[in-house]
Amino acid sequence: MAAVLYRHQIEALERAKKQNLALFHECGCGKTFTALKIIEYWKNQYAEKRNQSNTADRHNAAGPSFSALAVCPLSILESAWIEDCRKFTPDLSIVSLWSQRPLQRLRRLKEAYDIYLINYELFKTLFEEIQAKGFDTLIVDESSKMKAHDSQITKALLAMAGVRSRNSGTRFPVGRTIPHRYVLSGTPAPNDRSEYWSQITFLSPGQAFSDNFYAFRGRYFVPRPLGRTGINLWDFTKDRRLQKQFQERMAPWCHVVRKADAVDLPEQVNLIRKVELSKNERKAYETFRNELALRFAGEEILASSALTEIMKLRQLTGGFCYGATGTHLTGRSKMNELLGLLEEIGDKPVIIWCSFRHEIEEILRAIPDAAALWSGCGDREKVIGDFKMGKCRYLAANPQSAGHGLTFTNCRDAIYFSLNYSWELQKQSQDRIHRIGQNRKCTYTYLIAKDTIDELIYETMTKKKKISEEVLKYLRNYSVSCAGGKK
């Protein structure tokens with residue numbers, strides 16, 4: 001039985017037939033399925049033109065051929081795109097260009113398929129060969145990957161749209177423009193509105209915004225000096241006229257869908273489990289926090305530096321800390337809380353989200369019926385399949401490795417052993433279980449160490465604030481309290 005498109009998918013498909021388009025659909029709304037139907041549409045259009053050409057000239061049978069390229073994170077080549085293609089559009093042939101053997105990559109590129117899949121890093125490497133292939137449709141999945149205007153990935157993708165980027169002419173020269181271009185993202189601009197520029201310009205060179213990023217930024221953003229560092233932060237304009245213009249110029253190129261409005265999904269519940277640190281854990285945490293507060297007191301520091309330093313505080317809430325001589329253990333309070341919680345949940349599949357390698361390794365040691373999905377895992381596809389089929393009950397995963405594109409509707413419980421700074425990754429990880437196909441209430445439980453940085457990160461994430469600014473405030477406020485003799 002063929003899968004049926006939801007109304008929002010039909011609307012997106014109809015618009016995509018007429019123009020390049022950004023599918024800014026919240027995670028779980030079936031963006032990959034919609035993209036496959038767009039590719040299917042263009043394949044049929046090209047086949048029809050080819051038949052007409054052959055009918056008109058029987059002696060010189062020819063006509064336009066068709067091929068599509070989808071650029072996406074390596075983690076979802078197999079488990080999202082190939083799996084969905086075989087399930088929903090089996091008449092489309094599909095191949096992944098990823099291989100550790102360069103010759104195999106080129107061989108696959110020369111073979112005939114409807115869809116070629118490639119990860120971002122390999123896309124840069126094979127730019128010249130991809131450009132020579134002459135693709136007709138280009139889809140950029142998880143397009144927030146091209147949010148940085150000056151990244152190599154962004155410059156390479158813009159070249160495919162006919163946009164020349166500064167200082168990229170030799171490595172990524174503009175050649176034939178791929179006519180049909182689409183971007184997919186549930187979180188297209190997780191940090192600020194300037195991240196829309198590359199994605200919208202990829203769709204509409206010279207139409208929505210200037211092709212020059214600095215001209216675009218100068219029009220819609222205002223510089224704010226960062227202390228005495230000589231660095232400017234750029235804030236979105238407060239000019240109502242320009243704000244309206246910004247939105248009006250983007251709107252024709254975007255199809256925006258909220259999950260709550262598009263599909264009937266079950267309730268989401270967020271629970272907090274407060275973890276009391278042991279005496280040893282508390283001492284280690286307070287000692288390091290005091291040291292940071294004194295170090296940063298009265299200094300102008302970069303947010304990136306503060307985030308790097310504060311990472312050790314995050315580790316200490318989990319009972320460990322990376323050091324020059326190895327990993328130092330301070331306790332097991334969070335681990336004990338996790339084991340108790342899993343016992344309460346019972347015989348059900350659970351995803352355990354972790355930010356650090358040590359946490360995943362400890363979970364694998366403590367829980368026999370667990371598998372891991374992270375950069376250090378071996379057969380990634382086997383781990384995903386085993387968890388979906390119930391061969392392993394628990395999946396310990398890092399949002400960087402498993403937060404995009406995967407579907408785990410076999411599971412309704414997720415535990416956050418630790419939190420990531422990125423709201424984008426946080427939202428993506430939640431939507432691995434809360435998406436089309438889920439019919440049970442989804443519960444997210446956060447293990448929050450009491451009176452620690454965990455509480456700040458959780459509050460910041462839920463309110464979608466900028467974590468870097470909140471961390472700086474946290475350190476400075478603590479510095480002031482220390483200077484006043486308080487702790």
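A residue is counted as buried when its relative accessible area is under 20%. In this predicted model, Glu142 has a relative accessible area of 4% and is therefore buried. Glu142 lies in the loop between β5 (137-141) and α7. The backbone of Glu142 adopts a positive phi of about 55 degrees, although the residue is not a glycine. Most residues other than glycine have a negative phi. A positive phi of about 55 degrees is also found at Asp451, likewise not a glycine. Asp451 belongs to the loop between β17 (442-449) and α19 (453-462). With 45% relative accessibility, Asp451 counts as partly exposed, whereas Glu142 is buried.

The nonpolar interior was examined next. In soluble globular proteins, nonpolar side chains tend to be buried together. The largest nonpolar core of the model comprises 87 residues, of which Trp81, Leu338, Ile352, Leu373 and Phe408 touch the most other members. Helix α2 (residues 31-56) makes the greatest contribution to this core, namely seven residues. The surroundings of Leu338 illustrate the packing. When neighbours within four places in sequence are set aside, Leu338 is in contact with Ile352, Ile363, Ile367, Ile415, Phe417 and Leu447.

Aromatic side chains were considered in turn, and the structure holds 26 aromatic pairs. One of these pairs is formed by Phe127 and Phe172, whose ring centres lie 5.1 Å apart and whose planes make an angle of 75 degrees, an edge-to-face arrangement. The pair connects distant parts of the chain, since Phe127 is in helix α6 (residues 127-133) and Phe172 is in the loop between α7 (152-160) and β6 (180-184), 45 residues apart. Phe127 is buried, because its relative accessibility is 3%. Phe172 is likewise buried, with a relative accessible area of 2%.

Another pair is formed by Tyr322 and Phe356. The ring centres of Tyr322 and Phe356 are 6.4 Å apart and the planes stand at 75 degrees; because an angle over 60 degrees counts as edge-to-face, the pair falls in that class. This pair also links distant parts of the chain: Tyr322 is in strand β11 (residues 320-323), while Phe356 is in the loop between β13 (350-353) and α15 (357-366), 34 residues apart. The two partners fall into separate accessibility classes, as Tyr322 is partly exposed at 28% relative accessibility and Phe356 is buried at 6%.

Ring pairs also join Trp197, Phe209, Phe213, Tyr214, Phe216, Tyr220, Phe221, Phe236 and Phe246 into a cluster. Phe216, Tyr220 and Phe246 from this cluster take part in a contact between two helices, α9 and α10. The axes of helix α9 (residues 213-220) and helix α10 (residues 240-250) come within 10 Å and cross at roughly 135 degrees. On the side of α9, Phe216, Arg219 and Tyr220 contribute to the contact, and they meet Arg241, Leu242, Gln245, Phe246 and Arg249 of α10. By class, this contact of α9 with α10 contains four nonpolar, one polar and three charged residues.

Key:
Residues numbered from 1 in each chain as written. Predicted model: local features only at pLDDT ≥ 70, side-chain atom pairs only at ≥ 80, totals over all residues. Heavy atoms only, no water. Axes fitted to C-alpha atoms, helices over the stretch in contact; angles between N-to-C directions. Helix = DSSP H or I, 4+ residues; strand = E, 2+ residues; numbered from the N terminus. Contact = heavy atoms within 4.5 Å. Nonpolar A, V, L, I, M, F, W, Y, C, P; charged D, E, K, R; others polar. Core = buried A, V, L, I, M, F, W, Y, C linked by side-chain atoms within 4.5 Å. Buried < 20%, exposed > 50% of the residue type's maximum accessible area, 1.4 Å probe, protein only. Phe/Tyr/Trp six-rings, centres within 6.5 Å; stacked < 30°, edge-to-face > 60°.
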